[in-house]
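Subject: Handover of a structure for your study

Dear colleague,

Please find below the sequence and structure that I am handing over to you. My findings follow directly after them.

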Amino acid sequence: FGFTIVAIAAILATFSAINASIYGNARLGFKLANDKELLNIAGEKTNGKPIKGVLLILVLSLLIANFINLTGIAIMGSAGFLILFFTINLACLKMGKKIKALRIIPLFGALACLLATIILFIHTYEDNPHALYIVIIMLVFSFLFEFFYKKIQKKTIN
């Protein structure tokens, strides 16, 4: 009986997290599309709501959930956050004078994130190289998408 209750609670928590992620990311995608940082489809509204953005995030989430194992998804999330925090610390370091930051703190933060990312990649390679390949493919895809999307945006603006 206890196992069944915990399993049901886990399923409900998973649905809740997925629901929050889909709608939160759809709103983020809507804002990014309006700022010309993401495809226009994510910024289109239907009846005052970003339905297409929600559906886009939903489809991408379903593809990832069905074709990448749980370890790969967890590693992608961890690596993504570490890389994001590394980048934020670098930006803070670069803007140190403007924002009146004590430069040693973002420097330490950037180095800690970089070290943690390297350790994560080494551990993943030793434990589950397939998951590391998935993370690398997703990173390469993200950078290529950003690179080509910016080129396309420049052509449409000019």
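Thr 117 lies in helix α5, which covers residues 104–127. Helices here are DSSP runs of H or I with at least four residues, strands are runs of E with at least two, and both are numbered from the N terminus.

Please note that this is a predicted model, in which local features need pLDDT of at least 70 and side-chain atom pairs count only at pLDDT 80 or more, while totals for chains, interfaces and linings use all residues. Residues are numbered from 1 along each chain as its sequence is written, and side-chain values use heavy atoms, with hydrogens and water left out.

Is Thr 117 buried or exposed? Thr 117 counts as buried because its relative accessibility is 9%; buried means under 20% relative accessible area, exposed means over 50%, and partly exposed lies in between, with a 1.4 Å probe and protein chains only. Leaving aside residues up to four places away in sequence, Thr 117 touches Leu 82 and Ile 83, where a contact means heavy atoms within 4.5 Å.

Ile 118 is also placed in helix α5, but this residue is partly exposed, with a relative accessible area of 43%. Ile 118 belongs to a nonpolar surface patch whose members include Leu 111, Leu 114 and Ile 122. Together, the residues of the patch have about 750 Å² of accessible area. Such areas come from the Shrake-Rupley method with a 1.4 Å probe, and for residues only the protein chains shown count as cover. A patch takes residues with over 30% relative accessible area and no salt bridge, joining like charges within 9 Å and nonpolar side chains (Val, Leu, Ile, Met, Phe, Trp, Tyr) within 5 Å. A salt bridge is a side-chain nitrogen of Lys or Arg within 4 Å of a carboxyl oxygen of Asp or Glu.

Next comes helix α1. Its buried residues are Ile 22, Ala 26, Gly 29, Phe 30 and Ala 33, and they pack against α2 (51–67). Just after α1, Lys 36 takes a positive phi of about 65°.

As for the whole protein chain, it has 6 helices and 0 strands. Buried residues make up 22% of its 158 residues. Its C-alpha atoms fill a box of roughly 60 × 45 × 30 Å along the principal axes. The chain exposes about 11700 Å², and carbon and sulfur atoms supply 74% of that area.

Yours sincerely
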